[in-house]
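Let us learn to read a structure by asking simple questions of it. Keep the picture open as we go.

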Amino acid sequence: MSPEGSPAIEARGLTKRYGKLLAVDSIDFDISDGEIFGFLGPNGAGKTTTVMMLTTFLEPTAGTIRIHGHDLPRESLEARALMGIVPEESNIYTELTAEGNLRFAGKVYRMPRKARKQRARELLEIFGLSDRAHVKAQEFSRGMRRRLTVAMALIHNPKILFLDEPIAGLDVQSARYIKTLVRDLNESGVTVFLTTHQIEVASELCHRVAIIDHGRIATIGTPDELKTSIESVQTVAVTFDAPEGDGIPSLAGLPGVNHEVKSGNGRRLYTDSPADVIPAVVNFSREHGLRIIGLNTLGPSLEDVFLKITGQEVGSVTASSEGEGKRGGKRGKGGMAG
Amino acid sequence: MGNAGREEWQDEKSELLEPDSGGTKPGLGNCRQVRRGVGLSPQTGITHLMSMILFFTASTTGPVILILERRTRTLDRLMTAPLSMGCLLFGKTLVGVVFAVVVAVIPLIIGLAVFHINVHNPALLVGVIILSAMSFSALGVWFGSFPARSVGTVMMPSTLLRWPLLFVSGIFIPLERMPVWARIISHISPLTYAHDAVTHAVSGSGCQPAVLDVMLLPAFLILFLFMAVRLYRRVRRLGY
């Protein structure tokens with residue numbers, strides 16, 4: 001039994017060294033019971049290593065981890081019984097049916113036969129797989145495999161769910177399905193540890209977010225707190241009634257504009273003073289015979305926070321270097337993929 | 001070993017290794033003893049075949065299933081489930097046992113049905129088949145515990161270890177006719193005890209007491225599983 005009131009996850013001085021490489025450098029964090037916690041970071045920042053240590057897949061070089069009060073690795077079996085793990089790659093048994101996969105997962109968690117049969121049917125229903133219960137998983141689409149992987153992680157009613165890139169590569173419908181499910185699970189009391197590089201997903205779902213960079217937690221807080229921390233960064237988003245290829249001149253030279261970034265068929269103009277930029281944009285559209293179909297002022301996004309914290313200056317990618325992608329940044333770190 | 005023994009060993013070695021007159025075939029399949037069928041009664045042949053099948057089938061299953069499961073990431077699922085590593089690897093060992101027993105029983109059935117061989121102690125044979133399969137399968141699980149993602153990466157070194165064991169385990173050359181150094185090496189091979197125990201069960205005689213064989217086979221099972229668990233712990237600690 002876990003001690004009453006202990007955090008769902010407690011990490012202190014967590015360190016992992018691979019030979020000379022320091023992958024995770026003495027990080028500390030607590031995750032409360034019932035929280036959705038987002039863990040963000042660029043490639044090679046130490047996200048995966050941290051998750052592997054939390055899920056007992058790797059032993060830390062130093063530091064302590066407690067899962068609902070259970071010390072790792074000493075009480076790893078007790079801790080594992082409380083976890084459901086959804087890895088980035090769906091790891092289902094393709095030679096088994098959907099129901100077979102669920103029942104096997106239940107067996108691994110030592111659920112009684114009757115209970116796992118009942119829970120398997122329940123989950124097939126919840127995940128919209130009832131009509132495919134007896135079809136081998138090798139015939140499933142990517143979205144269905146993903147749903148089955150999540151269902152398998154939930155077979156034993158875990159208290160903590162680790163989700164690694166839960167919606168990567170899914171179609172809009174499946175992605176929405178998984179997001180709704182995460183919210184529902186959380187409402188039913190499940191703590192969710194979400195690793196993603198899709199910042200909008202973290203922003204939408206998470207109560208708190210940590211950004212890890214070079215093996216250290218760069219910042220931790222609610223998405224709003226993080227956005228407030230760089231509130232000086234504001235943007236004016238403008239969209240013209242003309243395709244981007246029609247040679248719309250750069251707006252970077254307008255008064256008050258610090259940086260210009262292409263965004264769909266519009267532009268994002270980073271500024272310290274939107275009040276100066278808006279009239280300038282209106283004048284610009286008149287001079288060039290362009291019709292404005294959208295004009296908004298925006299606060300910093302979580303993505304801006306991420307870029308700033310990971311050392312990639314917000315709005316640093318200008319319209320002329322759009323080919324490198326908005327996430328490329330000055331240091332060319334390759335954004336947040338993977 | 002005296003002079004007589006040394007000469008016998010030289011004869012045996014040359015029989016095993018010399019190519020045929022045409023020089024086109026490699027040593028083993030070309031062994032004069034095998035070619036002529038000298039001293040290879042159906043009873044002995046079936047005993048040898050069963051030992052070899054048990055050894056190779058059981059010790060191959062571990063690397064194949066573990067590495068395939070590592071590649072499909074289903075092993076990760078099991079490694080993060082509330083199962084001890086020993087329990088998980090023992091389960092994988094049992095898979096190898098099932099495969100090996102099913103395959104090893106085929107020559108036995110052929111021996112009984114076609115060559116009408118007599119099994120001296122059927123109960124001992126059943127027990128020995130299962131125990132041998134378990135220790136060989138655990139050896140395979142140990143091979144499969146090396147952090148490789150391709151079966152070939154593990155199979156090649158494991159073959160380098162398994163073939164020499166086959167040669168010093170009394171299958172091709174009886175233990176009592178081996179030189180001292182080969183006999184010393186034979187004691188570290190589980191195949192020596194498995195083959196001797198199968199011979200006891202089928203023919204009623206062997207090189208060493210059947211009790212010793214039967215006691216040592218589980219010891220090998222425990223040793224190999226222990227080594228495999230240690231290896232997984234090391235991988236978990238170092239994060240290969």
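Predicted model: local features only at pLDDT ≥ 70, side-chain atom pairs only at ≥ 80, totals over all residues.

Q: How many helices and strands does chain A have?
A: Begin with a count of elements. Chain A has 10 helices and 14 strands.

Q: How many helices and strands are in chain B?
A: Count again. Chain B has 10 helices and zero strands. Read from the N terminus, its elements run α-α-α-α-α-α-α-α-α-α.

Q: What share of the contacts joins residues 24 or more positions apart?
A: Take the contacts with a separation of 6 or more. In chain A, residues 24 or more positions apart make 68% of them. In chain B, such pairs make 79%.

Q: Which residues are buried in helix 3 of chain A?
A: Now zoom in on one element. Helix 3 of chain A covers residues 98–108. Its buried residues are A98(A), E99(A), N101(A), L102(A), R103(A), A105(A) and G106(A).

Q: What do the buried residues of helix 3 of chain A pack against?
A: Look for the partners. They pack against helix 4 (113–126) and helix 5 (142–153) of chain A.

Q: Is the phi of R110(A), after helix 3 of chain A, positive or negative?
A: Check the backbone angle. The phi of R110(A), which follows helix 3 of chain A, is positive, near 55 degrees.

Note on methods:
Residues numbered from 1 in each chain as written. Chains lettered and ligands numbered in written order. Helix = DSSP H or I, 4+ residues; strand = E, 2+ residues; numbered from the N terminus. Contact = placed C-beta atoms within 7 Å. Buried ≥ 20, exposed ≤ 12 C-beta atoms within 10 Å, placed from the backbone.
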